[in-house]
Amino acid sequence: MEALPPEEAEFFDHLEQELHELSTALTLPLPRECLVCYVYRMLDFGCHGMFWMRRYRDLRAPRATALEERMCRRGGYCDCEMLQNAFRPNHYIFECTPDGEFLMEPMPSCIGVRAGSTRPCDLWFD
Ligand SMILES: [Zn+2]
Ligand SMILES: [Zn+2]
């Protein structure tokens, strides 16, 4: 590959840094947002193993070292399986289609949990 002229190289470095900052900001848990609502939101960016649950844990609940193990025991071997197997939408809040599928849109905002918790908020049952 040909080297870029210095001003273009500088621009690309700058752009790369901005994108990095933007993606970091976009993937931060919201204040008081629970693990499950966070992972649900982040799955818009795809399932990458346990990436999102680990990111939540590292940022919000670093003492929850057994989180992965707990999720595996409940069938949550990755972020999307965690949502399918480890938690259920609260049927008092979400409506169901006649064939029993939950209507997840529009998604209400997270009800919130205390700091350091890996519990779901009241939008979910476990
Ligand atoms: Zn998955
Ligand atoms: Zn929540």
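This is a selection-by-selection tour of a predicted model.

**Stop 1: the zinc ion, ligand 2**

Select ligand 2, a zinc ion, together with Cys34, Cys37, Cys110 and Cys121. Each of these cysteines donates through SG, and the donors lie 2.2 to 2.3 Å from the metal. Now check the angles. The four donor atoms subtend 106 to 113°, which makes the arrangement tetrahedral.

Next, look at the sequence spacing. The donor residues follow C-x2-C-x72-C-x10-C. Cys34 lies in the loop between H1 and H2, and Cys121 lies in the loop between strand S1 (88–89) and strand S2 (124–125), so the pair ties together parts that are 87 residues apart in sequence. Are Cys34 and Cys121 buried or exposed? Both Cys34 and Cys121 are buried.

**Stop 2: the zinc ion, ligand 1**

Move to ligand 1, also a zinc ion. Select Cys47, Cys78 and Cys80 as its protein donors. Again the donor atoms are SG, and they lie 2.2 to 2.3 Å from the zinc ion. The spacing along the chain is C-x30-C-x1-C.

Colour by helix here. Cys47 sits in the loop between helix H2 (35–42) and helix H3 (51–60), while Cys78 sits in the loop between helix H4 (67–73) and helix H5 (79–86), so the pair ties together parts that are 31 residues apart in sequence. Cys47 is partly exposed, at a relative accessible area of 31%. Cys78 is buried, at 14%.

**Stop 3: helix H2**

Select H2, residues 35–42. Six of its eight residues are buried, so H2 is largely enclosed by the rest of the structure. Which residues of H2 are buried? They are Leu35, Val36, Cys37, Tyr38, Val39 and Met42.

**Stop 4: helix H3**

Step along to H3, residues 51–60. Its buried residues are Trp52, Met53, Arg55, Tyr56 and Arg57. The cover over them includes H1, H2, H4 and H5.

A salt bridge joins the two, with the closest N and O atoms 3.0 Å apart. Compare their surroundings. Arg57 is buried, with a relative accessible area of 10%. Asp58 is exposed, at 52%.

**Stop 5: more charged pairs**

Side chains of opposite charge can pair when their charged atoms come close. In the whole structure, a search finds six salt bridges.

Go to H4 and pick Arg73 and Glu69. Their salt bridge has its closest N and O atoms 3.3 Å apart. The two residues are four apart in helix H4, so about one helical turn separates them. Arg73 is exposed, at 62% relative accessibility. Glu69 is exposed too, with a relative accessible area of 51%.

Then select Arg119 and Asp126. Their side chains meet in a salt bridge of 2.6 Å, N to O. Arg119 is partly exposed, with a relative accessible area of 47%. Asp126 is partly exposed as well, at 39%. To finish with the charges, select Arg54, Arg57, Asp58 and Glu68, which are joined into one network by salt bridges that share partners.

**Stop 6: Ala61**

Centre on Ala61, in the loop between H3 and H4. At 1% relative accessibility, Ala61 counts as buried.

What does Ala61 touch, leaving out residues up to four places away in sequence? The contacts are Tyr56, Gly116, Ser117 and Thr118.

Draw one distance before leaving. From the C-alpha atom of Ala61 to that of Pro106 is 27 Å, and the two residues are 45 apart along the chain.

**Stop 7: the nonpolar patch**

Select Leu4, Phe11, Phe12, Leu15, Leu19, Leu22, Leu26 and Phe45. Together they make a nonpolar surface patch of about 760 Å².

Zoom in on Leu15, a member of this patch. Leu15 is in helix H1, residues 6–26. At 34% relative accessibility, it counts as partly exposed.

Note on methods
Residues are numbered from 1 along each chain as its sequence is written. Chains are lettered from A and ligands numbered from 1 in the order in which they are written. This is a predicted model: local features need pLDDT of at least 70, side-chain atom pairs count only at pLDDT 80 or more; totals for chains, interfaces and linings use all residues. Side-chain values use heavy atoms; hydrogens and water are left out. Patches are made of residues with over 30% relative accessible area and no salt bridge: like charges are joined within 9 Å, nonpolar side chains (Val, Leu, Ile, Met, Phe, Trp, Tyr) within 5 Å. Accessible areas come from the Shrake-Rupley method with a 1.4 Å probe; for residues, only the protein chains shown count as cover. A salt bridge is a side-chain nitrogen of Lys or Arg within 4 Å of a carboxyl oxygen of Asp or Glu. Buried means under 20% relative accessible area, exposed over 50%, partly exposed in between (1.4 Å probe, protein chains only). Donors are N, O and S atoms within 2.8 Å of the metal (3.2 Å for Na, K and Ca); water is not among the atoms, so sites may look incomplete. Four donors count as tetrahedral if all angles lie between 85 and 135 degrees; four count as square planar and six as octahedral if opposite donors are over 155 degrees apart and all others between 65 and 115; anything else is irregular. Contact means heavy atoms within 4.5 Å.
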